[in-house]
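Keep the model open while you read, and take the points in order.

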Amino acid sequence: MPRAVEALIFDFDGTLVDSDEALDAAFRAVGADPAAVGFGHAIAEACAHVGCTVEEYADAYDETAASPFAGVDDVVPLLGRWALCSNKHPRSGRAELERLGWEPELAVFADHFDWAHKSLGPVLSLMGLGADGVVMVGDSDGDVRCAEGVGCRFAWAGWNPRVASARPGGLVLDRPDQLLDLYG
Ligand SMILES: [Mg+2]
């Protein structure tokens, strides 16, 4: 069992919400091939890669389509301190947070990072926490790099089938309720 943490910092897409199809559908709607993009990238980088603007993409994104992974909705109200750090467009992310009724202490999206790939340094500063007090929870190599960038621990969202089939090294949580065990 890992030592206790003061806060969990979550990626959003593919970690808390099963949004692959919603993300892909928006690329198809702007005439792009989602297979050319993949998941976990900064939205501006992904849009530039396929030749659309982030606003065109956000307009095409269905903010009602993605659902939480099984068990996540039950666990979110039980979390201690937690934050969201996501590469997605702030309009899409904030609309989904509101729809789901989730209220993280802090939620930062792509605009917070001038549309470059997210990082955890600003999140830790805003929360007044050191890297040793948090665990990053995510589903992509970019999320791992965020954790490595500040030197915090990382846990894989193993309830995402893509993560489960990849069988990554390190700490893999099989069920969302295991998140609660990470707190002291
Ligand atoms: Mg993700």
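The points below go from the overall build to a few single residues.

1. A word on the basis first. This is a predicted model, in which local features need pLDDT of at least 70 and side-chain atom pairs count only at pLDDT 80 or more, while totals for chains, interfaces and linings use all residues. Residues are numbered from 1 along each chain as its sequence is written.

2. The protein has eight helices and eight strands; these are DSSP runs (helices H or I, at least four residues; strands E, at least two), numbered from the N terminus. Its radius of gyration is 15 Å, close to the 16 Å of the globule rule for 184 residues, so the protein is as compact as a globular protein of that length. That radius is taken over C-alpha atoms, and the rule is 2.2 Å times the number of residues to the power 0.38. Along the principal axes, the C-alpha trace spans about 45 × 30 × 30 Å.

3. How much of the protein is buried? Of its 184 residues, 38% count as buried, meaning that 20 or more other C-beta atoms lie within 10 Å of the residue's own; exposed means 12 or fewer, partly exposed is in between, and C-beta atoms are placed from the backbone. Among contacts with a separation of 6 or more, 61% come from residues 24 or more positions apart. A contact here means that the C-beta atoms of two residues, placed from the backbone, lie within 7 Å.

4. Now look for the sheet. Six strands form an open sheet in the order E5-E4-E1-E6-E7-E8, with parallel pairing; two strands pair if DSSP finds at least two bridges between them. At the edges are E5 (106–108) and E8 (171–173), each pairing on one side only. From one strand to the next, the twist averages 25°. Angles run from 0 to 180 degrees between N-to-C directions, using axes fitted to C-alpha atoms, for helices over the stretch in contact.

5. Within that sheet, E1 (residues 7–10) and E6 (residues 134–138) run parallel and are joined by four bridges. Leucine 8 stands opposite valine 135 in E6. Helix H7 (residues 141–150) packs on the sheet, where H7 touches E6 and E7 (153–157), and its direction makes about 165° with that of E6.

6. Which residues of H7 are buried? They are Asp143, Cys146 and Ala147. Seen down the axis of H7, the buried residues fall within an arc of 95°, so they line one face of the helix; the arc is that of the directions from the helix axis to the C-beta atoms. These buried residues pack against E6 and E7, whereas Asp141 and Glu148 are exposed on the other side of H7. Glycine 151, with a positive phi near 80°, follows the helix.

7. Two backbone angles deserve a look. Most residues other than glycine have a negative phi. Aspartate 114, in the loop between E5 and helix H6 (121–127), has a positive phi near 50°. Arginine 167, in the loop between helix H8 (161–166) and E8, has a positive phi of about 45°. Aspartate 114 counts as exposed because it has 8 C-beta neighbours inside 10 Å, and arginine 167 counts as exposed with 9.

8. Finally, find serine 67 in strand E3 (residues 67–68). Serine 67 has 14 C-beta neighbours inside 10 Å, so it counts as partly exposed. Leaving aside residues up to four places away in sequence, serine 67 touches Val17 and Asp18. Aspartate 18 is 49 residues from serine 67 in sequence, yet their C-alpha atoms are 5.6 Å apart.
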